[in-house]
Amino acid sequence: MDKIRNEKYLQIIKRAEREGIFTGTRISALMDIENADETFELCLDDWLNADIFDFTHDFLGILDNIKRNRYPARDFGYFIPRFSKKGKEGSCDN
């Protein structure tokens, strides 16, 4: 796991806790975000700096749609995060 990306995952989780949208265990959220990043190539800086509506959409969308029946989890149903290369249909700087 890339240390810089891992630190950003933790920053995202901490923001979700501060905003009151997440009260679960950090390790579970960390694994879900890591799987989403490997699947969608998340734009972590954009996501961290997003308004609360878009930030919440991606955070809860990942946690609510991931299918954890196998590892690594790659099935998110029809959900595509807004802050991803697939969601933006382009690239991001992070």
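Before the details, one definition: a salt bridge here is a side-chain nitrogen of Lys or Arg within 4 Å of a carboxyl oxygen of Asp or Glu. Buried, as I use the word, is under 20% relative accessible area. And please keep in mind that this is a predicted model.

I will start with D58, in helix α4. Where is the nearest side chain of opposite charge to D58? That side chain is R82, and it is 5.1 Å away. The cut-off is 4 Å, so D58, although buried, has no salt bridge. What the side chain of D58 does reach is the backbone nitrogen of R82, at 2.8 Å. Beyond its neighbours within four places in sequence, D58 is in contact with W47, F79, P81, R82 and F83.

The structure holds 4 aromatic pairs. One of them is F22 with F59, an edge-to-face pair with 5.4 Å between the centres and 70° between the planes. Here F22 comes from the loop between α1 and α2, while F59 belongs to helix α4, so the pair links distant parts of the chain, 37 residues apart. Both F22 and F59 are buried. Another pair is W47 with F55, which is tilted, at 5.9 Å centre to centre and 40° between the planes. W47 is buried because its relative accessibility is 0%, and F55 is buried at 0% as well. Ring pairs join F22, W47, F55 and F59 into a cluster.

Now the salt bridges. Side chains of opposite charge can pair when their charged atoms come close. How many salt bridges does the structure hold? There are 8, and I will show three of them.

R5 and D37 meet through their side chains at 2.7 Å, N to O. Because R5 is in helix α1 and D37 in helix α2, this pair ties together parts 32 residues apart in sequence. R5 is buried, with a relative accessible area of 18%, and D37 is buried at 8%.

Next, D32 forms a salt bridge with R68, with 2.5 Å between the closest N and O atoms. D32 lies in helix α2 and R68 in the loop between α4 and α5, so parts 36 residues apart in sequence are tied together. D32 counts as buried, at 4% relative accessibility.

Then R74 and E38, whose side chains meet at 2.8 Å, N to O. R74 is in the loop between α4 and α5 and E38 is in helix α2, so this bridge also spans 36 residues in sequence. R74 is partly exposed, with a relative accessible area of 37%, and E38 is partly exposed at 44%.

A last item on the backbone. E41 has a positive phi of about 55°, although it is not a glycine. E41 sits in the loop between α2 and α3, and it is partly exposed, with a relative accessible area of 41%.

To go back to where I began: D58 is buried without a salt bridge, and its side chain reaches the backbone nitrogen of R82. That is what I had; I will take questions.

Conventions: Residues numbered from 1 in each chain as written. Predicted model: local features only at pLDDT ≥ 70, side-chain atom pairs only at ≥ 80, totals over all residues. Heavy atoms only, no water. Phe/Tyr/Trp six-rings, centres within 6.5 Å; stacked < 30°, edge-to-face > 60°. Helix = DSSP H or I, 4+ residues; strand = E, 2+ residues; numbered from the N terminus. Buried < 20%, exposed > 50% of the residue type's maximum accessible area, 1.4 Å probe, protein only. Lys, Arg positive; Asp, Glu negative; His and termini not counted. Polar contact = N/O pair within 3.5 Å; in protein donor to acceptor, adjacent residues only side chain to side chain. Contact = heavy atoms within 4.5 Å.
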